[in-house]
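These are notes for a colleague who is reading the model for the first time. Please keep the structure open while going through the points.

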Amino acid sequence: MRDASPLAVYLNDYQQPAFVVESLELDFDLAAAATEVTTRMAVRRNPEAVEPDAPLRLYGDGVELVSFTVDGAKPAEGLLEQDAEGLLLHGLPEAARLEIVSRCHPDQNTALEGLYASSGNLCTQCEPEGFRRITFFPDRPDVLTTYRVRLEADRAQYPVLLANGNRVEAGELDGGRHYAVWEDPFLKPSYLFALVAGDLACQRDTFTTMSGREVQLELYVEAHNADRCDHALASLKRAMRFDEEAFGREYDLDVYMIVAVDDFNMGAMENKGLNLFNAKYVLASPDTATDDDFVAIESVIAHEYFHNWSGNRVTCRDWFQLSLKEGLTVFRDQEFTTDCTLFGVKRIDDVAMLRAFQFPEDAGPLAHPVRPDHYAEINNFYTLTVYEKGAELIRMLRTLIGRETFRRGLDVYFERFDGQAVTTDDFVAVMAEVSGRNLTPFKRWYTQAGTPRVTAATSFDGPGGQARITLTQETPPTPGQEHKELVVIPMRVAFLDAKGQRITAHQKGGEVQDEWVLELSEGEQTFRFEELSDSPTAISWLRGFSAPVILNANQGVDELAHLLAYDDDAFARWEAAQTLFRRAIRSRIEHDAADTALEAAIEHALAALLRDEAIEPVLLATILQLPPTRELAELFERVDPVRLRNERDDLEKRLYMPLTEAMQQIQPKLDDVDNGAFTAEAMGRRQLRNRLLALRVAARDQAAVPEALAQYQKARSQTMRMGALNAVNELDHEARQVLLADFEKRYRDDPLVLDKYFGLQAGSQVAGGFERLDALLEHPGFRWTNPNRVRAVLGPFMARNERHFHQDDGEGYRRMGGFVEKLDAMNPQTAARLAQPLTRWRKVDTARGEQMRAELERLAALEVSRDLRDVIERALAE
Ligand code: BES
Ligand code: ZN
């Protein structure tokens, strides 16, 4: 068990490592019960180190030390010190060779960090600090070296032996054993190390890079999954091509391997040349995976592939720089997915996710900057802020300096820092250099937490006249940051005329344009426009969501309806509807009554949208969806989450009831959607079909329930099956039980699909939520040691089942607290993540908030992991 007291690490304490590792050899004698590791490394004093005679720090976490030699001899008495963090070796000369023999126990490892067993195979997860659970090593990202790895194991049990780089040797040994030797020629930090030993089937393909080299692509899965690999391999090839075409980045090794693992804490891991994936993000067939799953797989495969440059070739100096690789790589995978999808809907999905998850994080007790300056447990900083807000910062940089300059900057960045471990400051400095701009004010985005609030106001002087836009900004305080500084906010805007066309104008001394990026860097700033070609009917603000801010532009209902009908920016169009939905909810909660005039206007605008023959199906499907409760909660200081959910659902019902006929009329055009096609267009049409079905059920359209039943029965794809199930999942109706029972029977032996069943049951607000929860935990397919199973049950229960999670006697909080406690003893990283909904106690009404806080206090009094303690302590801090 780890040290239970969170001692913080500070960015300001950063010091270069005392030693560099010149080369590393690892010999593994692999077995599930006990694996022996021989670590040989050549170390040399780092000339840049601050202290000339500092000891060598070798981190170790739960590894047994078997033997230790320095240049072939045991270190003299007192020179080798063992402490809570590992080993300290004093009195080393300028250069030395160390040989360490150590032991670890993969089959006891339920934390799934380090070397562990999953479905009878052995695998590793080292980021961020898992390598120290395998052997003693300077396990920090700025210690880069080359690895030579020898794996030895029983041949029958582990016929496949993989590690990073190229296989240079392999052979048979006595006693049914065999071995393989792998060499990775590229410098890498220990967090990118990986090995796999197992009985796995290999699906192969090849990719020819832009310079004509042939790369072997190998996808390793359990034999029974061999028929679910095509999509992942095709996605990998598309990602490799995209990185060449869009970013000029070519793959560097001769082989690229991906291994699917059943037990995995995260989505996937970018180990050099040997990615490890949660099986959920690899395996897909039309019968088992939905369109959303197909898209998620493609984007995770791309993300990990893109890390080969943004993360592996150029890596992070320390973990405070995590967004250097994650923010940039998310930005890159977003660009890729945008390229694979239609009509700006990817951008809308990303913004919806940012609002539903990152904005609440940034406004709550766990708020932190994109580049934090201290942490107690780094595992807890793989957050939406570091990832998604981090990607927004990259996007803003591109908006500010222009696409071409940005692309040049990326080239310089990869070239200059290849083989190095660097910082977000280094990244921004390159962008400043290529653009000739002072980006120092921009860097506050990296160091300051919280979502800025922007207001916008306009005034016009008649047609052909002038316009003025006044913008203000303010960032509310966050824990540890009372006073906020001003940030640089790129605001993309356009003026639309009565027909929805863009109006032209110019800024003083500027060219005539029909779209502008205004740079707000002061607390308040006014921008003037001259010679407008027409008088504006509406203003399209924050186009493409040009900055991660909360905008209040005080637009009237007519103006919003105009944008919803005509805006050529998909985000802005969607946003107009979202603003209307939010306003209606706010009115219901704050004035205790529906604003009937507003709701009638919204219904009218939605009716027009449903009649619009030109709108793309996927965009229509996206616009029709009301914001989730999670996001709506941010509109209020505190709110009763059960009431909020009920008002949201009631608003949905009220808005769509009069529109059922209009929705029915669209349906025949979508009758052929279950056609096995996987184009963006085909997926968009299925999405619309399923959305309309769900909205009709929500609006109590009597015909919709039998249609859902029929859709389920006839379905040839998981997308249509899940579409039907989702539509009826909130109905206390026999149809729901019938379909779910059938689904369970059909997929009870297929864990990844069974997870969908768990999610539907746990996430449904239908009465009896606790009994269903008990039944799921008793289900033969449930295992506490498998993160996917646990997340499939606890995740939706806390995210979507307001009625039970927030039941007013506190039963939901106590149950979840108990589960988190139980899980923490096995898997602290996953437990700390699942504890997060409990940290939002200040956002719910005070009666519930106190119950939630009491559960946190109970957990705080126990002996819990450092991961969980860190989350709880920040949640309870004043
Ligand atoms: N490097 C991470 C995986 C990781 C995260 C390892 C946290 C250790 C701790 C990987 O590149 C990643 O970001 N994976 C994401 C999916 C991605 C598409 C955003 C994940 O696993 O959720
Ligand atoms: Zn990543």
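1. How much space lies in the second largest pocket? The volume is about 1,400 Å³. This is a predicted model, and the values in these notes are computed from it.

2. The lining of that second largest pocket consists of 46 residues. Val9, Arg57, Tyr59, Glu85 and Arg132 are the ones that lie nearest its centre. Sorted by class, the lining has 24 nonpolar, 17 charged and 5 polar residues. Two strands, E1 (9-10) and E4 (56-59), each supply at least two lining residues. The largest share, 3 residues, comes from E4.

3. Rolling a probe the size of a water molecule over the atoms shows where empty space is left. The model has 4 cavities of 30 Å³ or more, and the largest cavity has a volume of about 60 Å³. Strand E10 (121-125) and strand E18 (255-261) are the elements that give two or more residues to the lining of the largest cavity. E18 provides the largest share, with 3 residues.

4. Which residues line the largest cavity? They are Ser118, Ser119, Asn121, Cys123, Val196, Leu200, Glu222, Val259, Ala260, Val261 and Asp262. By class, this lining has 6 nonpolar, 3 polar and 2 charged residues.

5. Is Tyr158 buried or exposed? Tyr158 counts as buried because its relative accessibility is 2%, and the cut-off for buried is under 20%.

6. Leaving out residues up to four places away in sequence, Tyr158 touches Ala32, Gly120, Asn121, Leu122, Ala153, His178, Ala197 and Gly198. Asn121 also belongs to the lining of the largest cavity. Ala197 is 39 residues from Tyr158 along the chain, but the C-alpha atoms of the two are separated by 5.3 Å.

7. Asp243 is in helix H1 (residues 230-247). With a relative accessible area of 0%, Asp243 is buried. Residues up to four places away in sequence aside, Asp243 touches Gly248, Arg249, Tyr305, Phe306 and Arg332. Between the C-alpha atoms of Asp243 and Phe336 there are 8.3 Å, although the two residues are 93 apart along the chain.

8. Ideal angles for six octahedral donors at a metal are 90 or 180 degrees.

9. The last point concerns helix H9 (residues 557-566), where Glu559, Leu560, His562, Leu563 and Leu564 are buried. What do the buried residues of H9 pack against? Their partners are strand E26 (489-496), strand E31 (538-540), helix H10 (570-591), helix H11 (596-611) and helix H12 (617-623).

Note on methods
Residues numbered from 1 in each chain as written. Chains lettered and ligands numbered in written order. Predicted model: local features only at pLDDT ≥ 70, side-chain atom pairs only at ≥ 80, totals over all residues. Heavy atoms only, no water. Buried < 20%, exposed > 50% of the residue type's maximum accessible area, 1.4 Å probe, protein only. Contact = heavy atoms within 4.5 Å. 1 Å grid on protein atoms, 1.4 Å probe; cavity = no way out; pocket = protein on both sides within 12 Å on 5 of 7 lines; lining within 4 Å. Points joined across faces, edges and corners; volume = space filled by probe spheres on them. Helix = DSSP H or I, 4+ residues; strand = E, 2+ residues; numbered from the N terminus. Nonpolar A, V, L, I, M, F, W, Y, C, P; charged D, E, K, R; others polar.
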